[in-house]
Amino acid sequence: MPQTSSEREAAQASFRDAARALFISGDTIAAFLASATPGQVAACTSMLESEIAHRDETRRARLLRQARFPVPKSVEGFDWTNVSFPDDWGREDMCSLAFVREAEDLVFYGQTGRGKTHMAIALGISATSADYPVRFWQTAQLVLQLGKAKREGTLDRLLADVAKQRLLILDEFGYVPFDVDGARLLYQVISESYERRSVILTTNIEFSKWGTVFADDKLAAAIVDRIVHHGRLVEFGGPSHRLEESLMLGKSGR
């Protein structure tokens with residue numbers, strides 16, 4: 001059955017969209033459409049769309065591999081019963097990945113085994129599926145890598161790799177104290193990410209005690225200030241009144 005004019009235009013539009021997505025020139029597209037039969041247009045469109053789907057799948061698999069998640073996790077089936085969100089922001093906001101698009105930070109606070117790492121990984125995997133470059137580190141591991149890179153003269157290369165990411169996940173922040181040099185290097189990563197990329201930190205340490213972790217109260221206060229004024233606190237395992245009190249000043253200044 002012959003195509004109607006509207007069907008032919010729709011088929012050619014689909015071909016153009018697929019061809020442009022693969023960076024085929026406008027002249028080449030026009031020349032092909034000028035002589036191609038409807039069947040040829042349909043067959044070539046199917047081929048181009050299959051190639052696009054293959055490239056998308058390959059790119060996302062590469063992003064997932066480069067993120068270096070320790071285990072796969074999913075948002076599906078997660079128990080949200082004891083997760084507390086800010087008053088003006090909730091689960092739907094977080095899972096939409098709007099915080100990544102807006103380069104906001106998240107702090108997941110709670111005791112061990114409450115699901116902080118699970119959710120951080122699940123969000124990271126969702127971000128790779130949305131074509132965002134993501135990198136997962138245990139915080140102590142990152143500090144060790146930064147120190148080693150500095151000693152070996154490769155710090156710029158490591159920081160350049162960090163700069164390529166849209167989301168950094170720093171797991172188990174504060175579980176291992178840093179020395180001053182390590183704290184300063186970590187501060188450099190966090191401060192250079194400010195308003196450029198998102199950072200998710202999972203921790204069981206209240207903000208008021210971060211000075212102990214960093215061995216430098218001023219450095220800790222500077223990082224807390226950056227996170228509080230451009231981030232969100234999500235509490236796992238029920239609210240901490242002491243943590244809320246430590247954030248009160250920051251919330252009032254937002």
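## Pairing of E4 and E5

Strands E4 (residues 167–173) and E5 run parallel and are joined by five bridges; two strands count as paired if DSSP finds at least two bridges between them. Leu 170 stands opposite Leu 201 in E5. Helices (H or I, at least four residues) and strands (E, at least two) are DSSP runs, numbered from the N terminus. The model is a predicted one, in which local features need pLDDT of at least 70 and side-chain atom pairs count only at pLDDT 80 or more, while totals for chains, interfaces and linings use all residues. Residues are numbered from 1 along each chain as its sequence is written, and side-chain values use heavy atoms, with hydrogens and water left out.

E4, helix H9 (residues 180–193) and E5 form a right-handed β-α-β unit. Right-handed here means that, with the strands pointing away from the viewer, the path from the first strand over the helix to the second runs clockwise.

Strand E5 comprises residues 198–203, and six of its six residues are buried. Buried means under 20% relative accessible area, exposed over 50%, and partly exposed in between, with a 1.4 Å probe and protein chains only. In a regular strand the side chains alternate between the two faces of the sheet. In E5, Ser 198, Ile 200 and Thr 202 point one way, whereas Val 199, Leu 201 and Thr 203 point the other way.

E5 also pairs with strand E2 (residues 105–109) in the parallel sense, over four bridges. The bridge partner of Leu 106 in E5 is Ile 200.

## The sheet as a whole

Which order do the strands of the open sheet follow? The six strands are arranged as E1-E6-E2-E5-E4-E3, and the pairing is mixed. Strand E1 (83–84) and strand E3 (134–138) are the edge strands, each of which pairs on one side only. E2 and strand E6 (residues 231–236) run parallel and are joined by five bridges. Leu 106 stands opposite Arg 232 in E6. Helix H11 (residues 217–229) packs on the sheet, where it touches E2, E5 and E6, and its direction makes about 95° with that of E6.

## Asp 161 in helix H8

Asp 161 is found in helix H8 (residues 155–163). With a relative accessible area of 28%, Asp 161 is partly exposed. Leaving aside its neighbours within four places in sequence, Asp 161 is in contact with Arg 135 and Trp 137; contact means heavy atoms within 4.5 Å. Asp 161 and Phe 214 are 53 residues apart in sequence and 24 Å apart in space, C-alpha to C-alpha.

## Helix packing

The axes of helix H7 (residues 139–152) and H9 come within 9 Å and cross at roughly 100°. H7 is therefore roughly perpendicular to H9. Axes are lines fitted to C-alpha atoms, for helices over the stretch in contact, and angles run from 0 to 180 degrees between N-to-C directions. Angles under 35 degrees count as roughly parallel, over 145 as roughly antiparallel, 65 to 115 as roughly perpendicular and the rest as oblique. From H7, the contact involves Thr 139, Leu 142, Val 143, Leu 146, Gly 147 and Lys 150, and from H9 it involves Gly 182, Leu 185, Leu 186 and Val 189. The residues of the contact of H7 with H9 comprise six nonpolar, three polar and one charged. Ala, Val, Leu, Ile, Met, Phe, Trp, Tyr, Cys and Pro count as nonpolar, Asp, Glu, Lys and Arg as charged, and the others, Gly among them, as polar.

Helix H2 (residues 26–35) and helix H3 (residues 38–67) have axes that come within 8 Å and cross at roughly 140°. H2 and H3 are therefore oblique to each other. In this contact, Phe 32, Leu 33 and Ser 35 of H2 meet Gln 40, Val 41 and Cys 44 of H3. The residues of the contact of H2 with H3 divide into four nonpolar, two polar and no charged.

## Positive phi in two loops

Phe 23 lies in the loop between helix H1 (5–21) and H2. Its phi is near 65°, a positive value in a residue other than glycine. Is Phe 23 buried or exposed? At 75% relative accessibility, Phe 23 counts as exposed.

Leu 97 is placed in the loop between helix H4 (91–95) and helix H5 (98–101). Phi of Leu 97 is likewise positive, near 65°, in a residue other than glycine. Leu 97 counts as buried, at 6% relative accessibility.
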